[in-house]
Amino acid sequence: AVVLWFGGSLILSGESSLDAAGFIYYLVIFYSMINPAKELSKAAYSIQRGLASMQRVDKILNTPNNISDPAHPEHIPHLKGEVRYNNVTFGYNKSVPVVIDANITIKPGETVALVGQSGSGKSTMADLLPRFYDVDGGSITVDGIDIRNLTVHDLRSYMGNVNQEAILFNDTFYNNITFGVKSAT
């Protein structure tokens, strides 16, 4: 509107070398530059958002992992599958335990359900077995071997994981079921 007013006043006053046809040509050029200018400002904003996201992701990726493999790991020669929680105590904040002196024995082939109120530690108990966290007290054993004495890779290779939320990929039934396991039949 300011450009239109200013250009119109120049033409009507007759003091400039700009005629009406030149002014209309100028407006067409000016209008053609508006969308690229908007896109340029959007791109600058998107770059700033992307950099902020990259910093957050980078912070997560550079967070040190507290779970480490033992210097001399043990191996389970023939997995039977007995799992024991022996006086397990754990808290995300060590001064506020979530699980206190839990004792559970799960024999091979048994089906176990952890039942309780929301926030009572069911998912935490499940997350302790694959060593997403290490216990603060007590131990968890698989076939009598403390899971902290196994490499994380070996320990997790003995397990399958079924999430609470179903996740399906835009792929075949076979690939959704095998979930990247090449040797699955």
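A patch is made of residues with over 30% relative accessible area and no salt bridge, where like charges are joined within 9 Å and nonpolar side chains (Val, Leu, Ile, Met, Phe, Trp, Tyr) within 5 Å. The model is predicted, so local features need pLDDT of at least 70 and side-chain atom pairs count only at pLDDT 80 or more, while totals for chains, interfaces and linings use all residues. Residues are numbered from 1 along each chain as its sequence is written, and side-chain values use heavy atoms, with hydrogens and water left out.

**Exercise 1.** Find which residues form a nonpolar patch on the surface.

*Solution.* The patch consists of Tyr92, Val98, Phe132 and Tyr133, which together have about 370 Å² of accessible area (Shrake-Rupley method, 1.4 Å probe, only the protein chains shown counting as cover for residues). Tyr92 lies in the loop between strand E1 (83-90) and strand E2 (99-106); strands (E, at least two residues) and helices (H or I, at least four) are DSSP runs, numbered from the N terminus.

**Exercise 2.** Describe the salt bridge of Lys94 and where its partners lie in the chain.

*Solution.* A salt bridge is a side-chain nitrogen of Lys or Arg within 4 Å of a carboxyl oxygen of Asp or Glu. Lys94 pairs in this way with Asp136, their closest N and O atoms being 2.9 Å apart. This pair links distant parts of the chain, 42 residues apart, with Lys94 in the loop between E1 and E2 and Asp136 in the loop between helix H3 (122-128) and strand E3 (137-142).

**Exercise 3.** Decide whether Arg131 is buried or exposed.

*Solution.* Buried means under 20% relative accessible area, exposed over 50%, and partly exposed in between (1.4 Å probe, protein chains only). Arg131 has a relative accessible area of 2%, so Arg131 is buried.
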